Amino acid sequence: MIEYLIGISGATLVVYRVEEYFCYAIAFWDGWVCKPQEIYYTAEEALNVGIESIKITIGY
């Protein structure tokens with residue numbers, strides 16, 4: 001189940017539920033997809049980590 005779907009500077013961040021945990025994936029404008037294996041206990045925590053990952057990658 002998708003909890004968040006947002007676009008940031010050409011990247012798309014998806015936060016989704018896996019059973020009782022949450023994960024995120026990022027699709028970048030050049031076709032590269034980042035899907036870390038970490039799990040989070042809240043959707044907001046996964047969202048915040050995903051946003052920070054985008055900022056680091058694009059040099060925000």
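Two strands are taken as paired if DSSP finds at least two bridges between them. Helices (H or I, at least four residues) and strands (E, at least two) are DSSP runs, numbered from the N terminus. The structure is a predicted model, in which local features need pLDDT of at least 70 and side-chain atom pairs count only at pLDDT 80 or more, while totals for chains, interfaces and linings use all residues. Residues are numbered from 1 along each chain as its sequence is written, and side-chain values use heavy atoms, with hydrogens and water left out.

The model contains an open sheet of 4 strands in the order S1-S2-S3-S4, with antiparallel pairing. Strand S1 (2-8) and strand S4 (33-34) stand at the edges with a single partner strand each, so one side of each lacks a neighbour in the sheet.

Strands S1 and S2 run antiparallel and are joined by 6 bridges; across this pairing, Tyr-4 stands opposite Val-15 in S2. The two strands form a hairpin with 2 residues between them, and Ser-9 in the turn has a positive phi of about 50°.

Strand S2 (residues 11-18) is in turn connected to strand S3 (residues 21-27) by 7 bridges, again in an antiparallel arrangement. Val-14 lies opposite Ala-25 in S3, and Tyr-16 has Cys-23 of S3 as its bridge partner. The hairpin of S2 and S3 likewise has 2 residues between the strands, and Glu-19 there takes a positive phi near 55°.

Helix H1 (residues 43-58) lies across S1, S2 and S3 and runs at about 25° to S3. Axes are lines fitted to C-alpha atoms, for helices over the stretch in contact, with angles from 0 to 180 degrees between N-to-C directions; contact means heavy atoms within 4.5 Å.
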